[in-house]
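Dear colleague,

I am passing on the model that follows, together with some notes on what I found in it. Please read the notes with the coordinates open.

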Amino acid sequence: MPRLSADRRHRVRFTLNGRAVEADAEPRMLLTDFLRHELGQTGTHVGCEHGVCGACTIEIDGMPARACLTLAVQADGATIRTVEGLAPRPGRLSVLQEAFRRHHALQCGFCTAGILMSLDTYLRSHAAPSETDLREFLGGHLCRCTGYTPILAAALDAAKLLREAPVHA
Amino acid sequence: MSELPTSWCGQSVERVEDAALLTGRGRFIDDLGVKPGTLHAAILRSPHAHAKILAIDTDAARQLPGVAAVLTADDIMAMSASLVVGVKAPIECWPIATGRVRYVGEPVAVVVAASRYVAEDALDLIAVDYEPLPAIVDPLAALDPAQPVLHDGLGGNIASERSFRYGEPERAFAESARRVSVTIHYPRNSCTPIETYGLVAEYDASEDAYDVLANFMGPFSLHAVMARALKVPGNRLRLRTPPDSGGSFGVKQGLFPYIVLMAVAARATGRPVKWIEDRLEHLAASVSATNRVTTLRAAVDADGRVRALDWDQVEDVGAHIRAPEPATLYRMHGNLNGAYDIQNMMVRNRVVLTNKAPTGLNRGFGGPQVYYALERLMQRIAIELDLDPVDVIRTNLIPSGAFPYRTATGATLDSGDYPLAFETALRDGGFAELRARQAQARAQGRLYGIGCTAAVEPSVSNMGYITTVLTPEERRKAGPKNGAQATATVALDPLGSVSVHVASVPQGQGHRTVLAQIVADALGLKPSDIRVITELDTARDAWSIASGNYSSRFAAAVGGAAHLAAGKIKAKLASIAAAQLNVAANAIEFVGGRARAQGNPDNSVAFSRLAATSHWSPSLVPEENHALRETVFWSPPELAPPTDEDGINSSLCHGFIFDFCGVEIDRVTGAVRIDKYVTMHDCGRILHPGMVAGQITGGFAHAVGAALYEEYAYGADGSFLTGTFADYLVPTAMEIPSPVILHIETPSPYTPLGAKGVGEGNCMSTPVCLANAVADALGVAAIDLPLTPAKLGIHIHPAEHAPAAQPAPAKTSKGRALHGSGQAQAAAAPADVWRMLLDPRTLEAIIPGCHGVEKISDTHFRADVTLGVGPVTGRYRADIKLSDLDAPRAVTLSGIVTGALGDAQGAGRITLSPADNGGTLLTYDYEAEIGGKVASIGGRLLGGAAKVVIGQFFAALARHSGGPASPGLLARLFGRRA
């Protein structure tokens with residue numbers, strides 16, 4: 001890791017949803033602020049900034065991570081996926097996103113990006129999760145609108161569809 | 001085309017909102033760009049529950065590069081007026097503390113800077129001198145005139161008191177066989193939307209006009225309060241909302257004082273000002289539901305029939321009566337009988353002020369507090385009269401065929417069949433099986449309970465119900481307030497496509513989807529043909545005081561208004577089509593995207609062509625029939641002002657709910673597990689089953705949180721103990737089971753579509769249903785929320801023995817008391833050590849975690865320190881005074897330490913005596929009281945931490961004077977500073 005100085009902005013470069021991006025950040029800048037306000041990728045939301053609500057969850061080097069507990073400079077050189085990278089192409093939704101829409105698994109949609117990112121990672125390594133597995137896994141996310149019931153239904157449905165026709169993303 | 005359904009309403013169509021939200025293309029307030037030059041605000045907030053502000057020093061903050069302004073009460077008061085208060089009392093309500101802070105989290109200063117990061121840096125540089133005052137937390141204590149007073153003008157802490165009497169309650173109490181009562185303490189909680197408050201405010205000096213974009217949710221009656229506070233006419237406060245808002249549940253009503261605050265900041269700086277609330281601010285100081293102490297008595301016949309109710313409610317609205325409070329207390333006034341036929345009623349309502357955050361709208365709004373008392377009472381009636389709780393409910397339900405039903409307190413329950421819904425729920429929900437399951441569990445020695453609740457869910461509030469807090473005479477003077485103006489606009493463009501606009505300001509409830517269904521039905525189109533816009537702009541759009549998203553008014557009122565507006569357009573289009581098709585206007589039907597003659601589908605015209613006619617060929621249309629844009633305002637005539645007898649039809653619609661559940665309590669941990677939950681709803685006509693289910697599961701989750709986990713907890717000194725999501729426990733998918741949902745549908749005769757509200761009911765019914773089940777499992781009478789294991793444990797386990805030895809610091813009224821003493825050796829002579837103790841540069845070097853010491857006078861110092869206690873590290877400001885100086889032998893240090901995590905007050909006496917080696921022996925003892933969040937840390941940990949910190953101070957003093965210090969300690973100190 002390069003030596004950083006608190007009063008200077010540093011160049012941060014990483015791969016975001018398959019594209020190389022770069023911008024400057026003070027060492028103290030959170031990755032959430034960097035994604036949203038420096039790179040204009042506002043799909044990742046900020047709900048608590050202390051790592052509990054899960055709204056800011058993104059995928060860093062293949063693992064779900066809280067962007068609000070990550071400094072932008074820590075992401076230098078990483079491969080990052082955010083909600084903007086889930087749909088296969090504009091105007092189309094992924095299997096998981098489609099399932100969310102079909103089951104009314106979102107209302108205000110503010111926590112949804114984080115939940116999608118967690119589930120997207122999880123379903124790739126857990127093809128046949130039980131409802132209990134999913135409840136436990138989703139325990140890292142707070143949703144205030146849905147009561148979780150439709151989210152679980154959507155996740156189970158998406159898992160089933162992905163098992164039947166594994167075309168991811 | 002003939003394959004199309006006859007009605008889009010009633011189908012769970014996919015939501016038009018979802019594709020954008022699922023792909024990260026939502027447009028929430030913080031997703032929208034700002035003008036170049038926009039400044040960012042951060043707010044300094046009170047660490048004290050109650051204190052005088054002696055001085056605020058903002059010089060250092062102003063000098064920080066990037067800071068544009070630091071505003072305090074003086075600046076805000078110079079450019080605005082107090083927010084209007086809803087009761088007749090000589091008190092003011094400002095969006096910033098004026099002279100005194102009255103709750104933890106109250107704004108004290110606003111920094112406006114080039115970025116939020118810089119603004120928060122500047123907050124650390126503001127020095128506030130507080131003189132702490134005794135705080136009042138318990139609403140019952142607030143009734144006592146001898147207690148500290150929050151607002152001097154009031155002469156006490158009771159802001160409003162009214163008594164009401166309906167029917168012949170005294171006679172019913174005198175004549176009935178039994179009297180049963182409950183007293184409940186309903187706690188504070190909040191629905192905490194995952195998106196916090198946010199706004200961007202601008203001021204145009206050339207027109208003396210404000211323009212604010214904010215994720216405010218209404219009611220827009222508060223627009224009038226804001227405009228008055230900003231001292232401009234309504235047309236000079238342009239309030240706009242962003243396209244998306246991340247949940248509200250009532251809470252985003254409480255944004256309005258910040259709109260005033262930041263509008264003034266924009267005016268003061270001449271630049272747009274953006275403020276996004278953070279979660280810690282949100283938890284401490286946005287809005288919570290009221291906590292309430294209720295004593296409810298019933299006069300009961302031997303068969304369980306309730307003849308009269310006597311309500312005594314003490315409502316705690318926190319430190320200020322902020323509009324629309326005390327509305328929480330009066331929202332349910334018309335239906336205090338719940339779902340029961342009770343015609344005699346007495347009510348005593350008192351509203352008190354305490355040192356807690358001001359309250360406001362929160363899902364359920366007044367319902368949870370009322371039903372907790374009423375439905376606990378119904379269970380107690382069954383137990384005390386040895387009846388089945390189900391039979392007590394059955395006996396008292398308003399009978400079928402009694403609708404519309406006039407309640408004792410003046411509401412008209414519009415429609416329903418309560419016995420049918422109740423019996424259907426028992427049958428289809430499997431109540432008999434649940435009883436068998438309970439019997440089996442109990443036979444195995446398990447703690448298993450069943451709870452039941454019947455409730456009436458009011459929706460579409462009468463804007464006049466809050467005036468029930470005034471006397472009839474005061475109301476006559478003020479003029480009548482009533483109604484529930486809803487509005488919708490349907491417009492046709494030159495290509496003949498249809499746009500809809502409403503002032504419903506959704507936060508995720510799918511209004512755009514449902515409105516498209518409603519208008520498509522009216523015009524014979526598909527929902528995808530209709531484009532709906534829901535963001536509001538008060539300068540351009542149709543709106544009124546009742547606009548906004550609260551009291552579950554959308555489906556009933558706004559959906560209804562859209563239906564009426566589409567109907568008006570349709571009538572005009574029919575008359576245009578009639579001329580073109582050569583038939584009577586009443587013989588035109590709109591089907592499959594065409595207008596056609598009934599019985600002759602070939603004689604038709606495309607809807608788009610017809611709809612474009614008034615744009616392109618007005619000459620073909622008589623002027624009164626131009627079909628271009630129709631705006632409907634709809635206010636139901638049933639919502640009249642309060643009568644002179646204080647009767648009030650507080651809501652237009654009344655849904656019915658009957659819930660029952662089975663819970664099991666873990667004998668070891670005291671944790672509650674919901675085994676089964678059944679909820680029956682009659683919410684009138686259902687427009688979108690998927691969204692209705694979502695409202696129920698979502699409300700249910702909020703209710704489970706309120707019942708089992710969540711509380712805005714305050715210490716006895718008013719310190720706020722649940723300031724993070726690690727302390728305020730929002731339930732996750734692990735804690736929320738999926739309820740069984742049942743429906744019957746009895747349409748409301750008073751709404752255009754027959755729909756009623758459904759979003760708040762479970763917040764009213766579920767907390768008490770779970771509590772009834774827990775009370776049943778444990779066989780206890782008095783039980784208050786939240787039902788945490790610690791609270792239930794005392795009913796399961798025998799009393800624990802207090803641990804022997806090592807007495808932990810006692811809890812005092814303030815928080816935690818600590819005391820201790822010690823000794824240290826310094827190599828220097830007493831006179832030298834004395835000099836060091838009085839020298840700010842030395843103090844700076846020896847105070848653990850010190851960032852700087854400022855000398856105010858020879859005997860008064862101020863220090864900035866970072867202290868860690870266990871896992872909690874925070875920055876504090878220490879104010880230290882020296883007294884009883886006996887140079888160079890003894891001195892008393894007394895001080896106050898304040899920080900976001902807590903505060904401490906204490907004093908210590910230091911004695912210096914010459915040592916044999918020419919050095920100095922320092923002896924010290926101290927006493928301190930610790931309050932705030934830090935005080936909630938275990939006493940032993942706190943005592944240990946204090947000992948270490950004070951020990952470090954003296955060790956550093958010894959080291960500084962050349963004395964011995966243990967190497968271990970030195971290394972620790974060195975480690976801390978590295």
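Predicted model: local features only at pLDDT ≥ 70, side-chain atom pairs only at ≥ 80, totals over all residues.

Residues are numbered from 1 along each chain as its sequence is written, chains are lettered from A and ligands numbered from 1 in the order in which they are written, and side-chain values use heavy atoms, with hydrogens and water left out.

Interface of chains A and B

On the side of chain B, 55 residues are in contact with 47 residues of chain A, contact meaning heavy atoms within 4.5 Å. The two chains bury about 4000 Å² between them, 58% of it on carbon and sulfur atoms; buried area is the accessible area (1.4 Å probe) that two parts lose on being put together, summed over both. Of the area that chain B buries against chain A, 21% is supplied by B:Leu22, B:Tyr117 and B:Ile194, more than by any other three residues.

Five salt bridges are found across this interface (a side-chain nitrogen of Lys or Arg within 4 Å of a carboxyl oxygen of Asp or Glu). One of them joins A:Arg36 to B:Asp30, with the closest N and O atoms 3.1 Å apart. The elements giving two or more residues to the side of chain B that touches chain A are α1 (18-22), α4 (116-123), α8 (279-285) and α18 (689-709) of chain B, and α18(B) gives the most, with seven residues. Helices here are DSSP runs of H or I of at least four residues, and strands are runs of E of at least two, numbered from the N terminus.

Two sheets in chain B

An open sheet of three strands in chain B has the order β4-β2-β6, with antiparallel pairing, where two strands pair if DSSP finds at least two bridges between them. Its edge strands are β4 (100-101) and β6 (127-132) of chain B. Strand β2 (51-57) of chain B pairs with β4(B) over two bridges, and B:Ala51 has B:Val101 as its bridge partner in β4(B).

Another open sheet in chain B has five strands in the order β7-β15-β14-β13-β8, with mixed pairing. Because β7 (158-166) and β8 (178-186) of chain B each have a single partner strand, one side of each is left without a neighbour in the sheet. Strands β13 (291-300) and β14 (306-316) of chain B pair in the antiparallel sense over 10 bridges, with B:Glu315 in β14(B) as the bridge partner of B:Arg292.

With best regards
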